[in-house]
Amino acid sequence: MDTMENTQTLIMRMKTGEDVLCRATKTTNGWHIKDPMALVPTPDGRLAFVGWMPFAETENGVEIPADFVYFTLKAMKEIETQYMSFKSGITTPGPKKIVAPEGLKLVGAE
């Protein structure tokens with residue numbers, strides 16, 4: 001297995017149709033993934049992180065054969081930040097938003 005420097009946060013489309021968000025490292029025969037979470041759209045248009053294989057022991061990672069993965073994509077920064085926050089329990093502050101007192105309009109803030 002490659003070193004942790006080669007690990008990325010990726011979304012993997014599996015043969016089963018699942019989209020799995022994980023920390024992934026390319027291996028000779030496929031992928032070594034850690035902290036896998038299935039991405040599930042909710043009825044209100046949001047995205048939920050659901051444990052992938054929640055009843056299996058995945059703490060040491062999972063070996064995924066290359067032919068089980070249709071494609072991989074780098075996760076959007078916002079998704080990666082939420083995922084890392086969820087996995088670590090540490091919340092990072094989002095971008096600051098300037099809010100004007102009621103009745104005052106900020107120029108250029110639409």
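Patches are made of residues with over 30% relative accessible area and no salt bridge, where like charges are joined within 9 Å and nonpolar side chains (Val, Leu, Ile, Met, Phe, Trp, Tyr) within 5 Å. Keep in mind that this is a predicted model, so local features need pLDDT of at least 70 and side-chain atom pairs count only at pLDDT 80 or more, while totals for chains, interfaces and linings use all residues. Numbering runs from 1 along each chain as its sequence is written, and side-chain values use heavy atoms, with hydrogens and water left out.

**Exercise 1. Find the residues of the nonpolar surface patch and give their area.**

Step 1: Pick out Y70, F71 and L73, which form the patch.
Step 2: Their accessible area together is about 340 Å² (Shrake-Rupley method, 1.4 Å probe, with only the protein chains shown counting as cover for residues).

**Exercise 2. Check the length of helix α1, then see what covers it.**

Step 1: The expected span is 1.5 Å times one less than the number of residues.
Step 2: For the 12 residues of α1 (77–88) that rule gives 16 Å, and the end C-alpha atoms are 16 Å apart, so the two agree.
Step 3: Now look for buried residues (under 20% relative accessible area; exposed is over 50%, partly exposed in between; 1.4 Å probe, protein chains only). In α1 these are I79, E80, Y83 and S85.
Step 4: Their cover includes β1 (8–14), β2 (19–26), β3 (30–41), β4 (47–51) and β6 (69–74), with contact meaning heavy atoms within 4.5 Å.

**Exercise 3. Classify the aromatic pair.**

Step 1: Rings of Phe, Tyr and Trp (its six-membered ring) pair if their centres lie within 6.5 Å; planes under 30 degrees apart are stacked, over 60 edge-to-face, and the rest tilted.
Step 2: The count is 1 aromatic pair. The F49 and Y83 ring centres are 6.4 Å apart with planes at 80 degrees, so call it edge-to-face.
Step 3: F49 sits in strand β4 and Y83 in helix α1, so the pair ties together parts 34 residues apart in sequence.
Step 4: Y83 has a relative accessible area of 0%, so Y83 is buried.

**Exercise 4. List the salt bridges and say how exposed each partner is.**

Step 1: Look for a side-chain nitrogen of Lys or Arg within 4 Å of a carboxyl oxygen of Asp or Glu.
Step 2: R13 pairs with D19 at 2.4 Å, N to O. R13 is partly exposed at 29%, and D19 is partly exposed at 23%.
Step 3: K74 pairs with E80, their closest N and O atoms being 3.8 Å apart. Here E80 is buried at 14%, whereas K74 is exposed at 53%.

How values were computed:
Helix = DSSP H or I, 4+ residues; strand = E, 2+ residues; numbered from the N terminus.
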